[in-house]
Amino acid sequence: QVRLVESGGGLVQAGASLRLSCTASGRSSAVGWFRQSPGKEREFVAAIRWTDDSPYYGDSAKGRFTISRDNAKNAVSLQMNKLKPEDTAVYYCAAGSPFLLGNQDAYDYWGQGTQVTVSS
């Protein structure tokens, strides 16, 4: 069993930055970030394996977001720069052992989510 706690969401203006953090109570092979906006399906943002230095990004995150991990703290962070109004969503941290990092169905554990709102 892995318990995940997200933090760092908030309300910012377009162009600003936010840093989300996810702390895990147990260990899995990978941690991913997903997001969901009202009326839209949940979308893959970024993911990283605990033993791999090759993060994987969804199209919306490439070039603006950076995922990183702190193995000693069992924590994964998502640095989000140049935020846009379309980044507004609830961001979820997930843990599991996915073969494909972008496959949300392969993640077994999910956090409660943290709201990110970007105003124009």
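1. Contact here means that heavy atoms lie within 4.5 Å. With that in mind, and remembering that this is a predicted model, one can say that S7 touches R19, L20, S21 and T114, if residues up to four places away in sequence are not counted.

2. S7 itself has its place in strand β1, which covers residues 4-7, and this serine is partly exposed, with a relative accessible area of 38%. Although S7 and C93 are 86 residues apart along the chain, their C-alpha atoms are separated by 9.8 Å.

3. T114, one of the residues that S7 touches, lies in strand β11, made up of residues 114-119. T114 has a relative accessible area of 10%, and because buried means under 20%, this threonine counts as buried. The side chain of T114 reaches the backbone nitrogen of G9 at 3.2 Å, and the residues that T114 touches, again leaving out those up to four places away in sequence, are E6, S7, G8, G9, L20, A89, V90 and Y91.

4. The structure holds one disulfide, and a disulfide in general is a covalent bond between the sulfur atoms of two cysteines. Here the disulfide joins C22 to C93, with an S to S distance of 1.9 Å. C22 lies in strand β3 (residues 18-24) and C93 in strand β9 (residues 89-96), so the pair ties together parts that are 71 residues apart in sequence.

5. As for the form of this link, the angle about the S-S bond of C22 and C93 is -70 degrees, and the link is left-handed. Both C22 and C93 are buried, whereas S7 is partly exposed.

Note on methods:
Residues numbered from 1 in each chain as written. Predicted model: local features only at pLDDT ≥ 70, side-chain atom pairs only at ≥ 80, totals over all residues. Heavy atoms only, no water. Helix = DSSP H or I, 4+ residues; strand = E, 2+ residues; numbered from the N terminus. Buried < 20%, exposed > 50% of the residue type's maximum accessible area, 1.4 Å probe, protein only. Disulfide = S-S within 2.5 Å. Polar contact = N/O pair within 3.5 Å; in protein donor to acceptor, adjacent residues only side chain to side chain.
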